[in-house]
Amino acid sequence: VSAPGSGRLVVFDAFGTLFDPSSLVERLRVRFGEDGLAIGATWRATQLRYTWLRTLMDAYEPFDVVTRDALAYAVRSHGQGSTDGELDELARGYSELEAYTEVPEVLGTLVDDSVTLAILSNGTSAMLGGLAERAGIAARFAVILSVDSVRRYKPDPAVYRLATDHFGVAAADVGFVSGNAWDCSGARRFGFDVTWIARSDGPFDELGEQPDHVGRDLRVLLDPSA
Ligand code: LAC
């Protein structure tokens, strides 16, 4: 029996998988008081909804723009106001997220075991490169692949194809890891071997796909029983 991370190639989602968006809620609380938590939830949900809508509309804008637009909507939808400068600064928080605590050590173990690692994310190359540098994990990745090059967002198959094209492998040879159930569904549909990182409670999506492996955090990748 082998662990989910024991394949030759493991490809990671970024937000909610390696980097923790919930750390922004504190900044929202400071600015918007008790509405901060709800604004944070609306922000993340709207950010994703806008990625899907812009892909369907064939109206791509980079993830930092979508993120800032979604924040403006979230603030207004909770009856709050803010200046452009405040929105810019809060949205920049997405480029300053912390990695989840176990991330550096698990990535180090995988690299020591000769596993090739990559990121495949909605983020722009600049956002993702900066986040990986800040967390001290940039050198662990063979490549950071951004949807920016296909101008469509996950779960469009064109995004998952970036990984198979880059490495010249079949989908089944890619171990894909995401904390987002809908991303896992899209990746499973594409044919990846998928590990869902269920960091919070809540069911997997009902999209006709199931993850191959499930864990609470990235340490599942080292667990042969998973
Ligand atoms: C990403 C989003 C899905 O990093 O979390 O692509």
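A: Start with the residues around the ligand: Asp 13, Ala 14, Phe 15, Arg 44, Ser 121, Asn 122, Lys 154, Asn 180 and Trp 182. Keep in mind that this is a predicted model. Sorted by class, that shell comes out as 3 nonpolar, 3 polar and 3 charged residues.

Now for the polar atoms. Arg 44 has a polar side-chain atom 3.4 Å from an oxygen atom of the ligand. Asn 180 also brings in its side chain, with a polar atom 3.2 Å from a ligand oxygen. With Ala 14 it's the backbone instead: one of its polar backbone atoms is 3.3 Å from an oxygen atom of the ligand. How much of the ligand's accessible area does the protein cover? On its own the ligand has 220 Å² of accessible area, and the protein covers 100% of that. As for where the ligand sits, look in the largest cavity.

Let's follow two members of the shell a bit further. Trp 182 is one of the residues around the ligand, and it also pairs up with Trp 52. Their rings are arranged edge-to-face, with 5.0 Å from centre to centre and 85° between the planes. Trp 52 belongs to helix H2 (residues 36–57) and Trp 182 to helix H8 (residues 181–190), so this pair ties together parts that lie 130 residues apart in sequence. In the structure as a whole there are 15 aromatic pairs.

The peptide bond joining Lys 154 to Pro 155 is cis, with omega at about 5°. You'll find Pro 155 in the loop that runs between strand E3 (143–146) and helix H7 (157–167).

Note on methods: Residues numbered from 1 in each chain as written. Predicted model: local features only at pLDDT ≥ 70, side-chain atom pairs only at ≥ 80, totals over all residues. Heavy atoms only, no water. Near = heavy atom within 4 Å. Polar contact = N/O pair within 3.5 Å; in protein donor to acceptor, adjacent residues only side chain to side chain. Areas by Shrake-Rupley, 256 points an atom, 1.4 Å probe, with all protein chains shown as cover. 1 Å grid on protein atoms, 1.4 Å probe; cavity = no way out; pocket = protein on both sides within 12 Å on 5 of 7 lines; lining within 4 Å. Sits in = over half its atoms within 2 Å of the grid points. Nonpolar A, V, L, I, M, F, W, Y, C, P; charged D, E, K, R; others polar. Phe/Tyr/Trp six-rings, centres within 6.5 Å; stacked < 30°, edge-to-face > 60°. Helix = DSSP H or I, 4+ residues; strand = E, 2+ residues; numbered from the N terminus.
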